[in-house]
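Trainee: I would like to learn how to read a few computed features of a model. Please take them one at a time.

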Amino acid sequence: MTLNKQKGNMYPFVTHTWNVIKGKCPHDCSYCYMKAFPQGELRFDEKELKTDLGENNFIFVGSSCDMFADGVIFTFKVEKILEHCKKYPKNTYLFQTKNPGGFKEFESQFPPNTIFGTTAESNLGWKFSKAPNIHQRLVCLSGIKGRKMITIEPIMDFNLEPFVSWIEGVEPEFVNIGADSKGHNLLEPSWEKVQKLIKELEKFTKVNLKENLGRLKVTPKIAT
Ligand code: SF4
C-alpha cells in the first residue's frame with residue numbers, strides 16, 4: 001500500500017493521509033464529505049499496516065473515519081496503528097477526533113511527533129452529529145498533554161466570548177478555520193463576526209485560514 005498524497009480541501013500543512021480503519025463513521029455528521037462515497041461496514045484494513053510511512057511527512061492518520069469514536073476504539077486495534085507510526089519516527093502525525101476522550105485510552109502509545117486535534121464548529125448546540133458535544137470535546141482535549149490544535153470547520157454561527165474562552169482553555173498551538181464547501185445549509189456567521197473571532201484567537205494562538213473561508217465574505221448563510 002502507498003500513502004495518499006493530500007488533495008482536495010485538506011489542511012495545506014498535511015502532506016499525506018493514511019487510513020487503516022475504513023467504512024461508515026459512527027459520528028454520522030450531516031456535512032461529512034465521505035458521504036459522497038460508498039462507505040460500507042467499519043473494518044480494519046490489515047494491508048495498510050504494510051504501508052511505508054516514509055520520513056519528513058506530515059500525516060493525518062484516520063482522515064476518512066474517526067478512529068477514536070467510541071464504536072471504533074472498542075472494536076478495533078488502534079494500538080496497532082500507533083505502533084506502526086512509531087516505526088517511522090521522522091514524521092509528524094495528526095490525530096484528529098470528535099471524541100478526544102478516546103485519546104486517553106492510548107495516552108502513552110502515541111508516536112513522539114504527535115499533534116492532537118479536535119473539531120469545534122461553534123459553541124452553540126447545533127444538532128448535526130452523533131459525536132460528543134463540542135464543550136465536552138474541548139474539555140477532554142484540554143486534559144491531554146502535548147501539542148494540540150483545534151479546527152473550526154465547517155464554521156457555524158457562535159457566541160464570541162464563550163467560544164474564544166473554551167478554545168483558550170485548550171491552549172492549542174494553532175487553530176484552523178474553514179467553511180462548509182459543499183452547501184450543507186448550515187447557519188454561518190457573518191464575515192465581520194469571523195474577523196472578530198480571528199482577532200481574539202490571535203491574542204493567544206496561531207490562526208490558519210482555509211481557502212474555503214473566503215466564501216463567507218460574500219455568501220454566508222446567516223442565522224436570523
Ligand atoms: S467525525 Fe469526521 S469522518 Fe466521522 S462522520 Fe464526522 S466528519 Fe465524517
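Trainee: How many positive and negative side chains does the chain have, and how far apart do the centres of the two sets lie?

Mentor: Lys and Arg count as positive, Asp and Glu as negative, while His and the chain ends are not counted. Each charge is placed at NZ of Lys, CZ of Arg, CG of Asp or CD of Glu. Here the chain has 31 positive and 26 negative side chains, with the two centres 3 Å apart. This is a predicted model, in which local features need pLDDT of at least 70 and side-chain atom pairs count only at pLDDT 80 or more, whereas totals for chains, interfaces and linings use all residues. Residues are numbered from 1 along each chain as its sequence is written, and side-chain values use heavy atoms, with hydrogens and water left out.

Trainee: Which radius of gyration does the chain have, and what would a compact globule have?

Mentor: The radius is taken over C-alpha atoms, and the globule rule is 2.2 Å times the number of residues to the power 0.38. For 224 residues the rule gives a value near 17 Å, and the chain agrees because its radius is 17 Å. Along the principal axes, the C-alpha atoms fill a box of roughly 50 × 35 × 30 Å.

Trainee: What share of the residues counts as buried?

Mentor: Buried means under 20% relative accessible area, exposed over 50%, and partly exposed in between (1.4 Å probe, protein chains only). Of the 224 residues, 53% are buried.

Trainee: Is Thr51 buried or exposed?

Mentor: Thr51 is buried, at 0% relative accessible area. Thr51 sits in the loop between β4 (43-44) and β5 (58-61); strands are DSSP runs of E with at least two residues, helices runs of H or I with at least four, numbered from the N terminus. A contact means heavy atoms within 4.5 Å. Leaving aside residues up to four places away in sequence, Thr51 touches Met1, Thr2, Leu3, Trp18, His84 and Tyr88.

Trainee: And a loop residue such as Leu187: where does it lie?

Mentor: Leu187 is in the loop between β9 (174-177) and α6 (191-201). Leu187 counts as partly exposed because its relative accessibility is 28%.

Trainee: How many disulfides does the structure hold?

Mentor: A disulfide is a covalent bond between the sulfur atoms of two cysteines. The criterion is a pair of cysteine sulfur atoms within 2.5 Å, and the structure holds zero.
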